[in-house]
Amino acid sequence: GVADCSKCGEKVSAPCFSCAEYCGFYLHKVCAAAPLEINHPFHRDHPLVLMQKPPYSFGTYICDFCDKTCEKFFYHCPDLDFHIKCALFTFNIAENNLKELEHFVCQDPLVSTKNDDEELEEVRKCFGCWEPLANYTHISPYCGFNLHKKCAELPLELSNICHCQHPLVLQFNSERLSCKICKVTQKRGFVYGCSSCKLVFHIECLSPPLDLAIEDESHQHTFTRLLRRVPYICDACGIEGIYNAYICCTCNIMVHKRCTSLPRIIKSKWHDHCIFHKYFLRNDFKSSSCTICHDEVNPKHGSYSCSYCNIKFHLRCVTEEKGLYSVVSLENEYEISNGGLEILSDKSVESATCVFERNDAGEATKIKHFKHLHDLKLSPFVGGYENNCDGCMLPISEPFYYCLECVFFLHKVCAELPKVKHVWHHPCQQPLSLISNKAFCCGMCWHVSNAFAYECCKCETKICLRCMTAFTPGARTCLKHEHPLFFYRDYKGRCNACSLPTWAAFCCKDCNFVLHRGCFSLPITAHHKCDVHLLSLTDHDDNSYSESHYCDICEESRDPNCWFYHCAACDTSAHVGCVLGQYPFFKLGSIYEDKNHPHPLTIVNKIYYYPECDKCGKLCEDLALECSKSDCKYIIHWNCAASRSLQRWWEWLL
């Protein structure tokens, strides 16, 4: 029959060992003979110890060789984790036990670079250097591993002109160092390194190049190889290179080998328009920071830019993740204007509004939004408003549009969002479409809402407008901070608003102010039945008397260092969560269709005179659905009426 090996988790094939009592315990012959400890030549710092359970709280590990998860036996040291098969495979390579590999020379059709099947991408790459297999004779030791023949026969040590002080040793890149030549960090496979100097070199970077001259359609001239003994700055990406450079004498530029084939035009999920690669930018280019990492972009070095929006990107930032951009064919999809490579806008960006009137400055003053029945007019007023934006459900503020016939408001930034949008923070390759009047749970902030949202055409994940606008690249304004905030994906620290740890946050470049995603979108003002006035979001407590640090709603203690809602007139203070409740972004008064009731239901928030829920019998003290017909007294909790999937989401969040 079919069984799995109890050590490596893969299918057992004969010859193998099995339990004499037939309890379902099987072992490959190789797994049964696996040593308890391996002194691996590619990792001389620590021995690799065979373990049954990972020493991690989440119970799984990721193999540092094949990058796949496993819950079975594995070899472990403080720096590395390996499947049994990966550890033994690499050990045989290191010991030059090629007979143990049972390899054979093959020409596998799966390694063809013309095959675009994503599932075969790793099969087309060498497990030693992670370079494509198609250009070299390769060997396939057994299912799951493919190697260049030259990578299977690599020497353990070598001397190279790139590092004359010490011999370079074949090893794993356990410290995740970037290659000294190409500056790219290769997490998997083999590298040559010097432990005493803390540097590594990719195998391909040390190999003598076969191509002394390179021609590529992305550049109109030929690149010629130049061996240099001193560092240089690549004119294509702005990153330092060493030893192996390619030059174009016509354009007077020097680049890395990998930068000789950079696409001239790409469409990135970080931006709505196409962006162009330029070796040098004009002096009048206003933007000085990368839209992704927010660090300065040197105009003397190569970068990607959008001249229409006057913004630019570091090459390494915008091309770091292959799934976030695609190469554009200029001839087929985009316009050429003024005889150059300037693009006005992406043709896939379709506006959600139709403009009827503009003022002298060209600003739209009267529009029709495709998600509302009536015309909207740009507000000429300045001042505070108690209404919320029907798009993002945050308090309305200038500039905004209002409906001429009903109570409907849209922030100008919410009204100008396109019908369809590509975003960097959603894993699917499909675009997101603008929707409204659907009850949903946001896939980023996890708040339940029925306002505007963007829905993925593939996985149907929905993202609210607060998250969509907040994560649009660029500076963001927070009314509780004087400086603009920028979103950093890799930030680790604590939020100034709630004091909780955060692994991605909005940070100020001028000071240590930090807000995590949820606190960034908190409403500045809010209503609550505990006070007749609007409560204002407050970032500090001037009262030093400890007895005053409590919440007037739940009557529990309150951390004075955390943000809270406060009414100065009544001296009311309350936790943020107590004021906002479970559903702060639900649009009251809108219609909800329930299959279990014949009439349309209105979304209400019962503050006084709580009726009993028609389903569970408990008092409706919060969000509820009430029949819109006056002679029908039907009312039901939102939790009782919500779909099963939405209820599961909310229970998981709680």
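This is a predicted model: local features need pLDDT of at least 70, side-chain atom pairs count only at pLDDT 80 or more; totals for chains, interfaces and linings use all residues.
Residues are numbered from 1 along each chain as its sequence is written. Local features need pLDDT of at least 70, side-chain atom pairs count only at pLDDT 80 or more, totals for chains, interfaces and linings use all residues, and side-chain values use heavy atoms, with hydrogens and water left out.

Four strands form an open sheet in the order S41-S42-S43-S44. Their pairing is antiparallel. Strands are DSSP runs of E with at least two residues, helices are runs of H or I with at least four, and both are numbered from the N terminus. Two strands pair if DSSP finds at least two bridges between them. Strand S41 (525–528) and strand S44 (572–574) each have a single partner strand, so one side of each lacks a neighbour in the sheet. From one strand to the next, the twist averages 30°. Three antiparallel bridges join S41 to strand S42 (residues 531–538). Thr525 has Ser536 in S42 as its bridge partner.

Helix H2 spans residues 84–94 and is mostly covered. Nine of its 11 residues are buried (under 20% relative accessible area; exposed means over 50%, partly exposed in between, with a 1.4 Å probe and protein chains only). Among the buried residues are Ile84, Leu88 and Phe89. Just after H2, Asn96 takes a positive phi of about 60°.

Asn252 is not a glycine, yet has a positive phi of about 60°. Asn252 lies in the loop between strand S18 (240–248) and strand S19 (253–255). Its relative accessible area is 67%, so Asn252 is exposed. Glu555 also has a positive phi, near 60°. Glu555 sits in the loop between S42 and strand S43 (564–567). At 64% relative accessible area, Glu555 is exposed.

Terms used: Axes are lines fitted to C-alpha atoms, for helices over the stretch in contact, and angles run from 0 to 180 degrees between N-to-C directions.
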